[in-house]
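Keep the viewer open and follow the stops in order.

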Amino acid sequence: MTEPLLRVRDLKTYFVTEQGSGTARAVDGVSFEVQPGETLGIVGESGCGKTVTSLSILRLIPEPPGHIRPGSVIEFEGRNLLTLEPRELRAIRGNQIAMIFQEPMTSLNPVFTVGDQIAEAAIVHQGLSRRVARTRAIDMLRLVGIADPEERVDHYPHQMSGGMRQRVMIGMALVCHPKLLIADEPTTALDVTIQAQILELLDRLQAELGMAVMLITHDLGVVAGSADRVAVMYAGQVVEQAPTAALFARPLHPYTEGLLASVPRLDAPPAREHGRLHSIPGQVPAATAWPDGCRFHPRCPYAWERCRAEMPPLLDAGGEGEPGTHTVRCWLLTEPRRRTPHP
Amino acid sequence: MSVWTWLTLGGAAVLALAVVAELRRRLQTSAPGRRFFRHPTAALGLFVLAFFVTIALAAPVVAPYPPYYQIDIGHPNRPPSAQFLLGTDPFSRDVWSRLVYGARVSLGIGTLAMLVAATVGTAVGAVSGYFRRWVDATLMRLVDVGLAMPRIFVLLMAVALWEHIALWALVLLIGLTGWFGTSRLVRAEVLSLREREFVAAARALGAGAGRVIFRHVLPNAAAPIIVSGALGIGNMMLLEAGLSFLGLGVPSPAPSWGNMIADGWHKMAVAWWSSTFPGLAISLVVMALNAVGDALRDALDPRREAA
Ligand SMILES: Nc1ncnc2c1ncn2[C@@H]1O[C@H](COP(=O)(O)OP(=O)(O)OP(=O)(O)O)[C@@H](O)[C@H]1O
Ligand SMILES: [Mg+2]
């Protein structure tokens, strides 16, 4: 294995809320790696800490109320981002690591043309003149597949559709050819056909520019097509991590199982229970009050005493590849015979 | 002489009307422009402002006499007539001419002082709202102190310490004691704008604090700053008039509307015109500024987009 591009180890990002409801442990001990050029999918329900993880990597967590706990490590090309000076950090943001935000409607500045916004990173990092930057913006618009780039460059965000704005966001993120692109639910706010186009575009650009992508989504269907590896998050933790094919073929964590069962599949009849689509019962608990023991146990069909008492570590699930390729945070790995649902 | 006076007066009015009409025609195409002119008094206010700005700019053409010229020392306090449009004052100077030149001083001081106040207020508010924590706490305590100070008293004291106050110093004094409200307003705007996603997006691109504040946050806060500025000019003008009336502002014989009122004050019973007309001018301009400010508020408020 080569040296990873990004290594996140034991990342803990907490929010101290003022209303006295306590500390929200939004991200609580997350570890993963991203290799150069690969796509890592990060999947999980709303509120499990995906956005907070990606904001932590760029050190964009609002402080207060948030803070990254000491002991967390975020290494990019061997440098710990958590100890960098603000100036060094700014030189990495948008240049080496770029991010696409969840909401294309609100992530663009309403008072500037899309051309100005695309050019911004190039002006900040490469000191381009406005004229050169404008040409670059037009090139980027063309690259992300927007028709009439010479005209569109002078348009304002409100003159564009959601899909086009997301393309603009991608253009903004990629002007400086970053090595890592963090795409936080880039397609959630878009309708299905546009979603497919945007994912295709990301795939193509990744191949052309040779960058690594962290593709964050709550939709396993999205990662199935694009990701090399998948990390499944639940309640601020990674609960299962595996190469995409292995995860789909042999999901080991009950939460992953549940997620997979709730994806409508074309190749198999939908798993129906009592006449409706299978979904995981219950909801993600609040980040201020994670359950003791395994955080999934209140929703888990297999849970027993140990799950309520003790938090499982990430266990190696074996399978193909080196040790550590497929890891699962579940006690079932130690007692596989319990994998029969309660009556 | 008097024909020329009427001609220039009419000319200024026509020019002001033309400006308002042209603005209206151009702005009708945009939603904010339509909202602005839907305000019943907006066009009228704009007209009054355009009129006074015109005569101020064209003062040497419009004014029949030089502002200091004492026409006939033996016969002061002449009533308004064909020759002296608004009469003459106790020093036998033409009130209309002084009103025209006074517009330069009064409007100029009001506008410049507002620019000073808006600049300082915006800078302090932006820094406070963007950096929060101890920066915010410190600056806002300062603002609290500023707002608690009796402003006219502070100004009187400062002005009284000077023998002959220069106009630029007066502008600075009025401006530097008038930015507290603006800074509160801007801070509140910035506090909410800094949480918007496009600000996070800009920071994710590697933009530094200065770039984020000036390029991403403040342009989005322009509307409330402009509105408060428009409303603030009137306040500044009233303050200047008050100080000048007390003999502490613009020194005589330079005409300002405030010291014109003062000059005519003690002859009010026999020559009402020399105080009344400058007073009327101030009232008109302040009301016009308020009308335009209110209309701007409605026009620039994006929440009214649907209306
Ligand atoms: N600024 C904040 N202040 C307090 N709590 C926060 C803040 N930002 C996030 N959180 C908490 O962190 C938790 C995780 O939020 P996060 O936005 O990472 O979820 P997510 O996985 O991205 O969900 P979604 O799919 O809805 O985007 C939430 O429970 C939220 O309450
Ligand atoms: Mg999110």
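This is a predicted model: local features need pLDDT of at least 70, side-chain atom pairs count only at pLDDT 80 or more; totals for chains, interfaces and linings use all residues.

Begin with the overall form of chain B. Chain B is built from 14 helices and has zero strands. Read from the N terminus, its elements are α-α-α-α-α-α-α-α-α-α-α-α-α-α. Its C-alpha atoms fill a box of roughly 75 × 50 × 30 Å along the principal axes. The chain has 307 residues, and 51% of them are buried. Its accessible surface is about 14,300 Å². Carbon and sulfur atoms account for 71% of that surface. Now take the contacts in chain B between residues at least 6 apart in sequence: 70% of these join residues at least 24 apart.

Helix α13(B) covers residues 257–265 and is mostly covered. Eight of its nine residues are buried. They are Trp257(B), Gly258(B), Asn259(B), Met260(B), Ile261(B), Ala262(B), Asp263(B) and Gly264(B). What covers them? The cover includes α3 (42–57), α5, α12 and α14 (273–300) of chain B.

Helix α8(B), residues 167–176, is the second stop. Its buried residues are Ala169(B), Leu170(B), Val171(B), Leu173(B), Ile174(B) and Gly175(B). They pack against α5 (95–131), α7 (151–161) and α12 (222–245) of chain B.

Next come the cores. In soluble globular proteins, nonpolar side chains tend to be buried together. Here the largest nonpolar core has 111 residues. Leu6(A), Phe32(A), Ile57(A) and Met214(A) have the most contacts inside this core. Helix α6 of chain A, residues 162–174, gives the most to the core, with seven residues.

Zoom in on Leu6(A). Which residues does Leu6(A) touch, not counting those up to four places away in sequence? They are Phe32(A), Glu33(A), Val34(A), Ile57(A), Ile74(A), Glu75(A), Phe76(A), Leu180(A) and Met214(A). Phe32(A), Ile57(A) and Met214(A) are also named with Leu6(A) for their contacts inside the core.

Now turn to ligand 1. Around the ligand stand 14 residues. Ser46(A), Gly47(A), Lys50(A), Thr51(A) and Glu185(A) come nearest. By class, the shell has six nonpolar, five polar and three charged residues. Helix α1 of chain A, residues 50–57, supplies the largest share of the shell, with three residues.

Look at the oxygen atoms of the ligand. A backbone N or O atom of Lys50(A) lies 2.9 Å from one. For Thr51(A), a side-chain N or O atom is 2.6 Å from an oxygen of ligand 1. Val52(A) places a polar backbone atom 2.9 Å from a ligand oxygen. Taken alone, ligand 1 exposes 640 Å², and the protein buries 68% of that.

Thr256(A) sits in helix α10, residues 254–261. Is Thr256(A) buried or exposed? Its relative accessibility is 0%, so Thr256(A) counts as buried. Leaving out residues up to four places away in sequence, Thr256(A) touches Val232(A), Glu240(A), Leu247(A) and Pro251(A).

Leu247(A) also gives a distance to check. Its C-alpha atom is 9.6 Å from that of Ala224(A), 23 residues apart along the chain. Ala224(A) belongs to helix α8 of chain A, residues 220–226. Ala224(A) counts as partly exposed because its relative accessibility is 39%. Beyond its neighbours within four places in sequence, Ala224(A) is in contact with Thr244(A) and Phe248(A).

Asp10(A), in strand β1 (residues 6–16) of chain A, has a phi near 50°. That is a positive value in a residue other than glycine. At 35% relative accessibility, Asp10(A) is partly exposed. Arg59(A) has a phi near 55°, again positive in a residue other than glycine. Arg59(A) lies in the loop between α1 and β4 (66–68) of chain A. With 25% relative accessibility, Arg59(A) counts as partly exposed.

Conventions: Residues are numbered from 1 along each chain as its sequence is written. Chains are lettered from A and ligands numbered from 1 in the order in which they are written. Side-chain values use heavy atoms; hydrogens and water are left out. A residue is near a molecule or strand if one of its heavy atoms lies within 4 Å of it. A polar contact is a pair of N or O atoms within 3.5 Å; within protein, one must be able to donate a hydrogen and the other to accept it, and residues adjacent in sequence count only if both atoms are side-chain atoms. Accessible areas come from the Shrake-Rupley method with a 1.4 Å probe; for residues, only the protein chains shown count as cover. Helices (H or I, at least four residues) and strands (E, at least two) are DSSP runs, numbered from the N terminus. Ala, Val, Leu, Ile, Met, Phe, Trp, Tyr, Cys and Pro count as nonpolar, Asp, Glu, Lys and Arg as charged, and the others, Gly among them, as polar. A nonpolar core is a set of buried Ala, Val, Leu, Ile, Met, Phe, Trp, Tyr and Cys residues joined through side-chain atoms within 4.5 Å. Buried means under 20% relative accessible area, exposed over 50%, partly exposed in between (1.4 Å probe, protein chains only). Contact means heavy atoms within 4.5 Å.
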